[in-house]
Amino acid sequence: MGPRAVICGNRGVLRCGLLSAFSLFSQLSMAIKAVIFEVNWTVWSGQLDPQKWGKGSSAKSKPEDNLERSSWDKNLIYDISDKSCEIRLLRDIPFIIQDIKKRGIALGVVSKDSTRAMCDRALYFFEYPDENQRDRPIIKAVNYDETGSADYSSIFKNIMGWASAQGSEILFFDSNEESLKVNRELGVRVEIVSHEAGVTWETYERALEKNDGGGGGKDRPPKLGKLLGEGKFSKVYEAADDKNAVIKILKDWTTEKNRRLLQIYDVIKTGRPFDPGNKTEDHYPLMVALELRNLSIIKELEEPKPEDFSGWFKMKKIVGTHIWMHPLYKKHPFSVDFQEFVRACMHLAMDSIEEIVKKYGVEHCDAHFKNVVFDFDGNKPVRARLLDWGIAVKMKWDGSQYIRGDDFLIIVPPYQDIRAGVKYSPSSFRRYWIAWMVKTEYDALWSRRAITETDGKAFLQDLDWWYRRQ
Ligand SMILES: Nc1ncnc2c1ncn2[C@@H]1O[C@H](COP(=O)(O)OP(=O)(O)OP(=O)(O)O)[C@@H](O)[C@H]1O
């Protein structure tokens, strides 16, 4: 269950859950102002050859009307008059186009062997994910549509004018070596790709890095493995190149949010709280900024440095099992077996909260069961580890008391009243959080209709049993 919107903190702030598609690979420092593609064998495999397409017996009179997108494979277009003619969008192209748009670089297409009308139709059928991960026709992303002409010298001179760019600020992908001519004549950076592979993410990334003098490395997207889990705000994947790390990619991340996050981070890294006040647009960036700060304090953030953030981060993989995977959790919520098991898990989660406050000075404020994983020895839970550090504040342990810090928390779970400067003895601190965990758990059980709300509330009248470890 997820905590819901509640006011709290120094002045109160809104809960909105923490932080999940694809990151903002922010603005580049590099000088590339336009990326241009030849379409045949470069954007798609195959060729829209006007001498061959639309020549079958049932052909429609306008050649482009013979193009049809396959109903079972959206990256395949064939000729309805002769199904042996087909083109296939290359695998990485949608993501490359998405990245070009995110970087704010102009996109152009050229083709000397195919007509403009046929190319336009194909680029209308083939899609890419926009910044909100919605599929859009590629043609809508194109700034310079120069297909249907072989006069590359004139085309590139025009593009240089439209983009206010020198030849060296334009990157051109083609599979035909003749195109190197525009490099000789105009200084355009030409990348020749193979007929078999066309443009891949690696070719694209390498070409950008080369033209960036290697300086764009921090904007490189991480290599993702298996999807591990998804929250409201992020998707978490295994890191393909590191079995001990995971990658969290924020959903709906934009240039503006990134800019704001960097400003907020500048404040909180000095130790001062950042007050979002009524500016709801600051809530999400603040939560991410706190998560980055907290992960770096507890030494779980691997990259990038928060100052270089662009919509994703790599952190330590936390290994363990969620409580609901254990058979004892499937017992009735009012049974003794269930309660003893759940109580033992809560006390372990509490141990982990205390350990991290003492070691690093950060209090995890959202340890409901989705954010904790356990090691079990048969029916006995033996260790808890905490996930999701966006709802956590600084806290000091002075040797006898815990003293809460003054961060503004976004998203504060119910049953919780977090105020700066409050002091807790070790036993009152445990009671505070165990009470919150029990109420949160039973609230989740009645929202899932595993028990009735009336029974749940009656049951929660006395929590003394829960405060005792055994
Ligand atoms: N460090 C980690 N190691 C292993 N798995 C993780 C890690 N962090 C997150 N996960 C997995 O990814 C899931 C989603 O992560 P998380 O809860 O941090 O996302 P979120 O978008 O902040 O969620 P919420 O909607 O609860 O705010 C987790 O439930 C967990 O299964």
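In which sense do β6 and β9 pair, and over how many bridges? They pair in the parallel sense, over four bridges; two strands are said to pair if DSSP finds at least two bridges between them. Keep in mind that this is a predicted model, where local features need pLDDT of at least 70 and side-chain atom pairs count only at pLDDT 80 or more, while totals for chains, interfaces and linings use all residues. Residues are numbered from 1 along each chain as its sequence is written, and side-chain values use heavy atoms, with hydrogens and water left out.

**The big picture**

- The protein has 11 helices and 22 strands, taken as DSSP runs numbered from the N terminus (helices are H or I with at least four residues, strands are E with at least two).
- Its C-alpha trace spans about 85 × 50 × 40 Å along the principal axes.
- Of the 470 residues, 53% count as buried, meaning under 20% relative accessible area, with exposed over 50% and partly exposed in between (1.4 Å probe, protein chains only).

**The five-stranded parallel sheet**

- The strand order in this open sheet is β9-β6-β1-β10-β11, with parallel pairing.
- At the edges sit β9 (144-147) and β11 (189-192), each pairing on one side only.
- From one strand to the next, the twist averages 20°.
- β6 is mostly covered, with six of its six residues buried.
- Ala106, Gly108 and Val110 point one way from β6, while Leu107, Val109 and Ser111 point the other way.
- β1 and β6 run parallel and are joined by five bridges, with Val35 standing opposite Leu107 in β6.
- On the β9 side, Val109 has Asp145 as its bridge partner.
- β10 (residues 170-174) pairs with β11 over four bridges, also in the parallel sense; here Asp174 stands opposite Ile192.

**Helices across the sheet**

- α1 (residues 93-102) lies across β1 (34-38) and β6 (106-111), at about 135° to β6. Axes are lines fitted to C-alpha atoms, for helices over the stretch in contact, and angles run from 0 to 180 degrees between N-to-C directions.
- α3 (residues 152-162) lies across β1, β6, β9 and β10, at about 145° to β10.

**Around β16**

- Four of the five residues of β16 (residues 312-316) are buried, so this strand is largely enclosed by the rest of the structure.
- β14 (residues 242-250) runs antiparallel to β16, joined by five bridges, and Ala245 stands opposite Lys316.
- β15 (residues 301-303) also pairs with β16 in the antiparallel sense, over two bridges; Glu303 has Lys314 as its bridge partner.

**Trp466**

- Trp466 belongs to helix α11 (residues 464-467) and counts as buried at 2% relative accessibility.
- Setting aside neighbours within four places in sequence, its contacts (heavy atoms within 4.5 Å) include Gln339, Arg343, Ile434, Tyr442 and Phe459.
- Its C-alpha atom is 65 Å from that of Glu68, 398 residues apart along the chain.
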